[in-house]
Amino acid sequence: LTVISLPQSEVDRLEPPETAPGPITYIDYSEKRSLPITIPDYKHIEEMGEKFVVFNIYIAGRHLCSRRYREFVQLHNSLKQEFIGFNFPRLPGKWPFTLSEQQLDSRRRGLELYLERVCAVRVIADSEILQDFLTEHEEEISNSPIVTLKVIVFQDQIVSIKAKRNSTAEEVYRAVAESIGLRPENWEFFGLFEIIELNFERKIRPTEFPHSLYIANYSTASSTCLALRKWLFHPSVEAEL
């Protein structure tokens, strides 16, 4: 075991101090919630001659983004500066050499545990810092134009469809209707809805992009925030259908 000693200035650079100048505002860390956030796997990437590993982040089966270890370090440092009074868990240690698959899997588990604990605190999970971290970058969007969307249909069954990231609600609704065998003459009596927390639902406008809602609404604990619902206000027509 080799113990490496560093001067205090270098320690402060690598591990920012817990305190910061200026007045400290009280933040309530007591409100908790459980988010099904996981990092089930990772993948090796090679770009511009550089090889690195990204860890795939999911919530309730929805792929949100893929992040490198150094991006987790940046997130950790930013959160510590923003939420000074919170006792953050430690990240898996940095290693200067190439990691084996076993070591990468150990790092994956450590990063998953870190996100679980951080996202369990509502004020941190809802912060702009963490939301930006869990939002896809522009280059990620351009690299994978086709995505899988899950939509709740009748009796809480879920169907999965393939669509472009920039598909409108009208296009996604048509794909869902065709997938479940809904007759075209009855399409006007249904619509695509967004499910928000506390069971609030709203009809998505035809020109909106469901994939953007699907990803942005990452705090929804269910497997999707999209649902097919009736859009019908005539009892006699409903009885006929």
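## N56, a buried polar residue

Buried here means under 20% relative accessible area. N56 has 7% relative accessibility, so it counts as buried. Keep in mind that this is a predicted model. N56 sits in strand β2, which covers residues 50–59.

What does the side chain of N56 pair up with? Two polar contacts turn up: one of 2.7 Å to the side chain of D41, and another of 2.6 Å to the side chain of S66. Leaving aside residues up to four places away in sequence, N56 touches T38, I39, P40, D41, Y42, K43, H63, C65 and S66.

How many disulfides does a search of the whole structure find? The count is 0. For a disulfide, a pair of cysteine sulfur atoms would have to be within 2.5 Å, and the search of the whole structure comes back with none.

## F83, a buried loop residue

Now for a loop. F83 lies between α2 (69–82) and α3 (101–119). Is F83 buried or exposed? With 5% relative accessibility, F83 falls under the 20% limit and therefore counts as buried.

Which residues does F83 touch, if those up to four places away in sequence are skipped? They are I27, Y29, F88, V123, I124 and S127. Take I124 from that set: I124 and F83 are 41 residues apart along the chain, yet their C-alpha atoms are separated by 7.9 Å.

## Helix α7 and the glycine after it

Helix α7 runs over residues 169–180, which makes 12 residues. At 1.5 Å a residue it should span 16 Å, and its end C-alpha atoms are 16 Å apart, so expectation and model agree.

Which residues of α7 are buried? They are A169, V172, Y173, V176 and A177. Looking down the axis of α7, these buried residues fall within an arc of 135 degrees, which means that they line one face of the helix. Just after α7 comes G181, which takes a positive phi of about 80 degrees.

Conventions
Residues are numbered from 1 along each chain as its sequence is written. This is a predicted model: local features need pLDDT of at least 70, side-chain atom pairs count only at pLDDT 80 or more; totals for chains, interfaces and linings use all residues. Side-chain values use heavy atoms; hydrogens and water are left out. Helices (H or I, at least four residues) and strands (E, at least two) are DSSP runs, numbered from the N terminus. Buried means under 20% relative accessible area, exposed over 50%, partly exposed in between (1.4 Å probe, protein chains only). Contact means heavy atoms within 4.5 Å. A polar contact is a pair of N or O atoms within 3.5 Å; within protein, one must be able to donate a hydrogen and the other to accept it, and residues adjacent in sequence count only if both atoms are side-chain atoms. The expected span of a helix is 1.5 Å times one less than its number of residues. The arc is that of the directions from the helix axis to the C-beta atoms.
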